[in-house]
Amino acid sequence: MAVEVCVKAAVGHPDTLGDCPFSQRVLLTLQEKKVPYEMKLIDVSNKPDWFLKINPEGKVPVFNGGDGKWIADSDVIVQVIEEKYPTPPLVTPPEYASVGSKIFSTFVTFLKSKDSNDGSEQALLTELQALEEHLKAHGPYINGQNVSAVDLSLAPKLYHLTVALDHFKGWKIPENLTNVHAYVKALFSRESFEKTKAAKEHVIAGWAPKVNA
Ligand SMILES: N[C@@H](CCC(=O)N[C@@H](CS)C(=O)NCC(=O)O)C(=O)O
């Protein structure tokens, strides 16, 4: 049986790859390891019964390694993929595994913020500055010369950050964070990323209801 992965369809476009960073993380991992897979697009606003049967929690991504056993949660899924397909190894050493881990939550808080003095921009800048320092010392990727799991988790989140903050706030990552800029460029230009990214308009449509809430 084929490797299968259920991922989010674009909002309002059930036949187009959508904007879930956790889904893209799994697709990136499969692409980097050159594992062939079948992708099933899930309209999360109208989840099919067969999907809720394999994953009652109803979240994407869900992965089946070919044995018919469905596994949820991108953290668990990428570990299972690593064990089943160890080449090329994508394991991030534990001391680097949480680099950048607060970027997504601080980005979301800033994106939703309607008060420019609430410190949310500064909180994001602090996390980006920490990433800058790490990359300056250890880059170009978080674990050095080769891409690893932590980069594949962060890349889709940085994509959402750049697309959504530019669109909704006209905000860009500061120019002086040169290592972060080079990192983002390197990640976004990987073939695996090009093949698995959602279109910008779908990323924007995905965030719009949250920004305007
Ligand atoms: N911790 C989960 C998060 C997955 C998640 O939040 N997926 C969202 C889409 S990005 C989802 O399925 N939302 C639909 C819903 O909750 O009904 C993971 O890493 O896989």
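**Helices and domains in a predicted model**

User: How many of the 21 residues of α6 are buried?
Analyst: This is a predicted model, in which local features need pLDDT of at least 70, side-chain atom pairs count only at pLDDT 80 or more, and totals for chains, interfaces and linings use all residues. Residues are numbered from 1 along each chain as its sequence is written, and side-chain values use heavy atoms, with hydrogens and water left out. Helices here are DSSP runs of H or I with at least four residues, numbered from the N terminus, and buried means under 20% relative accessible area, with exposed over 50%, partly exposed in between, a 1.4 Å probe and protein chains only. On that basis α6 is mostly covered, and the number of its residues that are buried is 15.

User: How far apart are the end C-alpha atoms of helix α6?
Analyst: The expected span of a helix is 1.5 Å times one less than its number of residues. Helix α6 runs over residues 149-169, so its 21 residues should span 30 Å, and this agrees with the separation of its end C-alpha atoms, 30 Å.

User: Which helices do the buried residues of α4 pack against?
Analyst: Helix α4 (residues 103-112) is mostly covered, with seven of its ten residues buried. Those buried residues are I103, F104, T106, F107, V108, F110 and L111. Taking contact to mean heavy atoms within 4.5 Å, they pack against α1 (21-32), α5, α6 and α9 (200-211).

User: Which residues does P21 touch, leaving aside its neighbours within four places in sequence?
Analyst: P21 belongs to helix α1 and is buried, with a relative accessible area of 8%. Although P21 and K197 are 176 residues apart along the chain, their C-alpha atoms are separated by 8.8 Å. Beyond its sequence neighbours, P21 is in contact with F104, P156, K157 and H160.

User: Which residues does V211 touch, not counting those up to four places away in sequence?
Analyst: V211 sits in helix α9, where it is buried at a relative accessible area of 12%. Its C-alpha lies 35 Å from that of P93, which is 118 residues away in sequence. The residues that V211 touches are L111, K114 and F168.

User: How is α1 oriented relative to α3?
Analyst: Axes are lines fitted to C-alpha atoms, for helices over the stretch in contact, and angles run from 0 to 180 degrees between N-to-C directions. The axes of α1 and helix α3 (residues 74-84) come within 10 Å and cross at roughly 5°. Angles under 35 degrees count as roughly parallel, over 145 as roughly antiparallel, 65 to 115 as roughly perpendicular and the rest as oblique. That makes the orientation of α1 to α3 roughly parallel.

User: At what angle do α5 and α7 pack?
Analyst: From α5 (residues 120-138), L128, L131, E132, L135 and K136 meet T178, N179, V180 and Y183 of α7. Helix α7 covers residues 178-188, and the two axes are 8 Å apart. The crossing makes α5 roughly perpendicular to α7, at an angle of about 80°.

User: How far apart are the C-alpha centres of domain 1 and domain 2?
Analyst: The protein chain is divided into domain 1 (4-84) and domain 2 (94-212), with bounds from an automatic or database domain assignment. Their contact takes 17 residues from domain 1 and 18 residues from domain 2, and the separation of the two C-alpha centres is 22 Å.

Conventions: Helices (H or I, at least four residues) and strands (E, at least two) are DSSP runs, numbered from the N terminus.
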